[in-house]
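I opened a new model today and kept notes as I went.

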Amino acid sequence: MSYVAEGKGPLVIMLHGLLMDGKSWRNNGLTSLFSPFFHVVCPDLLGHGESEKSSVPELYTQQNQALSIVKIMDELGYEKAHVIGYSSGAWAALGLLNHHPERLHSVVLGGWDLKNGLPETPEGKLSFDMFMSYARSTAPELTSGLSQDDQESVRCFFNELRKYSEKKEAFFPYKTPILLWAGANDPYNSPMAEIAQQYGLSMTLGKGDHLSEFNKPDKASINEIFKFIETQEGSMSSVTCS
């Protein structure tokens, strides 16, 4: 798995959403906020960026993707990490919570419906073709450069996301400290808030929708995310994003 890294100190791993890559965290400003105090690592998840574009569905399971992230931690010599995941990156972070909780200091889960996974449509659970059609119309910058091989690898990833079911997999509660993150106009906001209330989790709410809250996150949200991770470390200087 390919990744970009900046800074020194405790490890923070940032996991992007579908059709993005590790550099997306540089573009939205989170890397620059964290890197003066943390060793920030932003992997290209399987099927994205410079990582392998495999068409083997079994490689994309939540367990296998979590193991790939653990291998990065081992390669860098870290026993534990703070993890921030957004959208499908939050799904990948849940894989770490499920299979490697002992390797986590804390987790931020953003922009993912923790109750239902992908949304339902009149034709059933959101399909890959529907997702791609929507992405092409609303975020062409994410889809214009995709080759056929790229698209098939993203399809494999997407198909794993379709299997998500909070009731089936009984993810919560966890012992690891968790912060939830959503945009006020993200349709995932409401089910995330329900999970936060049900399990007594903290939640930060930005002003954006699903995509804009990641691309241009609300400054108050960024500060709350930093303070949450800072609190888990317990010995850092306070930082505010201006």
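My entries follow in the order I made them.

Entry 1: I am working with a predicted model. I treat every value below as computed from that prediction.

**Entry 2: largest pocket.** I started with open space. How much space lies in the largest pocket? I get about 710 Å³. I count 27 residues in its lining. F131, Y134, Y188, H210 and L211 lie nearest the centre of this pocket. Which helix gives the most to the lining? I find helix 5, with five residues. Helix 5 covers 128–138, and helix 7 covers 148–161; each supplies at least two lining residues. I then sorted the lining of the largest pocket by class and got 20 nonpolar, five polar and two charged residues.

**Entry 3: second largest pocket.** I put its volume at about 260 Å³. Its lining includes M1, L46, S51, E52 and L59. Helix 3 runs over residues 62–76, and I noted Q65, K71, I72 and E75 among the lining residues too. By class, I have five nonpolar, four polar and three charged residues around the second largest pocket.

**Entry 4: helix 3.** That lining sent me to the helix itself. Helix 3 has 15 residues. From first C-alpha to last, I get 22 Å, close to the 21 Å expected at 1.5 Å a residue. Which residues of helix 3 are buried? My list is Q62, Q65, A66, I69, V70, I72 and M73. They cover an arc of only 150 degrees around the axis, so they sit on the same side of helix 3. On the other side, I find K71 and E75 exposed. Both K71 and E75 also belong to the lining of the second largest pocket. After helix 3 comes G77, and its phi is positive, near 85 degrees.

**Entry 5: helix 9.** I looked at residues 189–199 next. N189, P191, M192, I195 and A196 are buried there. G200 follows helix 9, with a positive phi near 65 degrees.

Entry 6: Most residues other than glycine have a negative phi, so I listed exceptions. L19 has a positive phi of about 70 degrees. I place L19 in the loop between strand 2 and helix 1. Is L19 buried or exposed? It is buried, because its relative accessible area is 10%, under the 20% cut-off. S87 is another case, with phi near 60 degrees. S87 lies in the loop between strand 4 (81–86) and helix 4 (88–99). I count S87 as buried because its relative accessibility is 15%.

**Entry 7: G22.** I went back to the loop between strand 2 (11–15) and helix 1 (24–27), where G22 is found. G22 counts as buried because its relative accessibility is 0%. What does G22 contact beyond four places in sequence? I find V4, H16, C42, P43 and D44. I also checked G22 against M132, 110 residues apart along the chain. Their C-alpha atoms are separated by 20 Å.

**Entry 8: T204.** T204 is found in strand 9, residues 202–206. I call T204 buried because its relative accessible area is 0%.

Conventions
Residues numbered from 1 in each chain as written. Predicted model: local features only at pLDDT ≥ 70, side-chain atom pairs only at ≥ 80, totals over all residues. Heavy atoms only, no water. Helix = DSSP H or I, 4+ residues; strand = E, 2+ residues; numbered from the N terminus. Expected span 1.5 Å × (residues − 1). Buried < 20%, exposed > 50% of the residue type's maximum accessible area, 1.4 Å probe, protein only. Arc of directions from axis to C-beta. 1 Å grid on protein atoms, 1.4 Å probe; cavity = no way out; pocket = protein on both sides within 12 Å on 5 of 7 lines; lining within 4 Å. Points joined across faces, edges and corners; volume = space filled by probe spheres on them. Nonpolar A, V, L, I, M, F, W, Y, C, P; charged D, E, K, R; others polar. Contact = heavy atoms within 4.5 Å.
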